[in-house]
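Here is a short report on one protein chain. Keep the sequence and the 3D view open as you read.

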Amino acid sequence: MSLWSFWPPVEAAQIDYEALRAHLLEHDRLPGDLAAARFGRRGLAGLITWPVSEPSLVAELAGASRPAWSPHADPRVDALAASYQFLLDAAARQPSSTTMSGGVR
């Protein structure tokens with residue numbers, strides 16, 4: 001079983017290294033591609049500094065369970081009310097753009 005099945009490589013340099021490693025183990029020689037040339041010329045530092053592969057971006061979605069509904073308390077309404085109050089307080093702290101007579105400053 002391959003290590004990739006447990007921990008897939010995601011960084012470009014790691015992808016290049018693992019591809020070179022797999023090819024070397026299978027064919028007993030490095031491939032004739034750009035990553036192999038950089039590895040042959042500059043070693044592992046060449047792969048890390050100038051990777052050939054694109055990074056593999058992995059996204060994970062995590063959900064949250066909604067609390068049980070209660071007619072006496074709804075956290076969504078509480079959050080909405082707190083947000084609205086925050087906006088009202090912020091607006092009250094801003095200087096007014098009109099005067100008492102209705103004219104613009």
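The accessible surface of the protein chain comes to about 9100 Å², and carbon and sulfur atoms hold 61% of that area. Keep in mind that this is a predicted model.

**The whole chain**

The protein chain has 105 residues, and 12% of them are buried. Its secondary structure consists of four helices and zero strands. Read from the N terminus, the order is α-α-α-α. Now take the contacts in the chain with a separation of 6 or more: 39% of them join residues 24 or more positions apart.

**Helix 1**

Helix 1 covers residues 12-27, which is 16 residues. From first C-alpha to last, helix 1 reaches 22 Å, close to the 22 Å expected at 1.5 Å a residue. Which residues of helix 1 are buried? They are Ala12, Ala13, Ile15, Asp16, Glu18 and Leu20. These buried residues pack against two partners: helix 2 (34-42) and helix 3 (44-49). Just after helix 1 comes Asp28, with a positive phi of about 60°.

**Charged side chains**

How many salt bridges does a search of the whole structure find? The search finds one. In this salt bridge the side chains of Arg21 and Glu18 meet, at 3.6 Å from N to O. Arg21 and Glu18 are about one helical turn apart, because they sit three residues apart in helix 1. An α-helix has 3.6 residues a turn, so residues three or four places apart point the same way. Side chains of opposite charge can pair when their charged atoms come close.

The two partners can also be described by their accessibility. Glu18 has 10% relative accessibility, so it counts as buried. Arg21 is partly exposed, because its relative accessible area is 41%.

Asp16 is also found in helix 1. Asp16 is buried yet has no salt bridge. The nearest side chain of opposite charge belongs to Arg38, 6.2 Å away. A salt bridge needs a nitrogen within 4 Å of a carboxyl oxygen. What does Asp16 touch, leaving out residues up to four places away in sequence? Its contacts are Ala35, Leu47, Pro51, Val52 and Ser53.

**Helix 3 and the surface**

Gly46 is found in helix 3. Is Gly46 buried or exposed? Gly46 is buried, because its relative accessible area is 0%. Leaving out residues up to four places away in sequence, Gly46 touches Arg38 and Pro51.

Ile48 lies in helix 3 as well. Ile48 counts as exposed, because its relative accessibility is 54%. Together with Tyr17 and Leu44, Ile48 makes a nonpolar surface patch of about 290 Å².

Glu11 lies in the segment before helix 1. Glu11 has 54% relative accessibility, so it counts as exposed.

**Pairs across the sequence**

| Pair | Apart in sequence | Apart in space, C-alpha to C-alpha |
|---|---|---|
| Glu11 and Pro51 | 40 residues | 9.0 Å |
| Gly46 and Ala35 | eleven residues | 8.6 Å |

Several of these names have come up before. Pro51 is touched by Asp16, and also by Gly46. Ala35 is among the residues that Asp16 touches. Arg38 is a contact of Gly46, and its side chain is the nearest one of opposite charge to Asp16.

Methods
Residues numbered from 1 in each chain as written. Predicted model: local features only at pLDDT ≥ 70, side-chain atom pairs only at ≥ 80, totals over all residues. Heavy atoms only, no water. Helix = DSSP H or I, 4+ residues; strand = E, 2+ residues; numbered from the N terminus. Buried < 20%, exposed > 50% of the residue type's maximum accessible area, 1.4 Å probe, protein only. Contact = heavy atoms within 4.5 Å. Areas by Shrake-Rupley, 256 points an atom, 1.4 Å probe, with all protein chains shown as cover. Expected span 1.5 Å × (residues − 1). Patch = residues over 30% accessible without salt bridge, like charges linked within 9 Å, V, L, I, M, F, W, Y side chains within 5 Å. Lys, Arg positive; Asp, Glu negative; His and termini not counted.
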